[in-house]
Amino acid sequence: MLALIEKVRSNLKSMDDGLAPYPFETYLSWFSLSNYITEKTVERLRPENQCSRITGQAELITLETEMMEKEGVHGHPSSCVDRDHPLRIRFVDEDGLPIMKIRDGFQIRFTELPLCSVAVSIKAEKPLDRSWQLHKILADLNGEWFEFLGELQFAFVCFLMGQVYEGFEQWKRLIHLLCSCTKELIEYKELYMALISVLHFQLKECPEDFFVDIVSRDNFLTTTLSKLFGNIHGK
């Protein structure tokens with residue numbers, strides 16, 4: 001079996017005469033951006049819509065529409081107005097705007113992380129050690145740290161190739177989590193060694209000022225990675 005695999009690999013450039021040309025000049029770059037993404041990673045994170053479709057523009061609906069779609073199957077939708085039902089249920093925020101949500105089945109099923117932790121803890125004088133959170137996530141992944149890096153790469157590729165902003169936000173959350181741990185640096189040394197290589201190839205795809213906040217002029221990556229290097233130096 002191994003001999004057959006090696007034979008196929010050695011003949012890759014000549015076996016696809018009937019196919020469109022493969023861009024071998026970008027193969028190494030693509031491999032470096034996705035080498036930890038496995039079939040298991042894709043199955044865990046993919047949206048649950050019919051074609052597992054990921055779109056750059058989120059499929060948003062109002063809570064009213066969601067209720068109408070659910071109730072429309074059984075009885076009269078509470079969002080409809082007619083003679084017998086003159087009132088209509090509306091869901092609005094404090095500014096009076098409709099409350100929107102991503103339609104079920106179109107969310108990328110990223111690992112849930114706090115939304116506010118990145119901006120808050122970067123500026124804190126004594127940032128909290130989030131090793132417990134990383135430990136819990138890795139425990140849920142059966143200790144497979146490469147699956148964690150697979151999600152990191154998946155989020156980055158979704159943003160890079162599909163302009164999915166939520167992918168970029170998840171990428172930042174995962175980076176910040178890794179840089180906010182001290183106790184796990186030793187236990188998951190392989191994870192952090194691999195992280196350096198993953199970040200190296202990801203940053204090659206980004207312009208120098210990409211991570212600069214145009215309001216505060218703070219560079220997310222500089223401030224976050226400085227915490228990581230400080231934690232490593234402390235060890």
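This is a predicted model: local features need pLDDT of at least 70, side-chain atom pairs count only at pLDDT 80 or more; totals for chains, interfaces and linings use all residues.
Residues are numbered from 1 along each chain as its sequence is written, and side-chain values use heavy atoms, leaving out hydrogens and water.

**Exercise 1.** Work out how helix H7 and helix H10 are oriented and which residues meet.

*Step 1.* The axes of H7 (residues 145-162) and H10 (residues 189-203) come within 10 Å and cross at roughly 15°.

*Step 2.* Angles under 35 degrees count as roughly parallel, so H7 is roughly parallel to H10.

*Step 3.* With contact meaning heavy atoms within 4.5 Å, H7 residues including Trp145, Phe148 and Phe156 meet H10 residues, among them Glu190, Leu191 and Val198.

**Exercise 2.** Find the salt bridge of lysine 136 and say how accessible each partner is.

*Step 1.* Look for a side-chain nitrogen of Lys or Arg within 4 Å of a carboxyl oxygen of Asp or Glu, the rule for a salt bridge. Lysine 136 pairs with aspartate 140, with the closest N and O atoms 3.4 Å apart.

*Step 2.* Apply the accessibility classes: buried is under 20% relative accessible area, exposed over 50%, and partly exposed in between (1.4 Å probe, protein chains only). Lysine 136, at 48%, is partly exposed, and aspartate 140, at 56%, is exposed.

Methods
Axes are lines fitted to C-alpha atoms, for helices over the stretch in contact, and angles run from 0 to 180 degrees between N-to-C directions. Helices (H or I, at least four residues) and strands (E, at least two) are DSSP runs, numbered from the N terminus. Angles under 35 degrees count as roughly parallel, over 145 as roughly antiparallel, 65 to 115 as roughly perpendicular and the rest as oblique.
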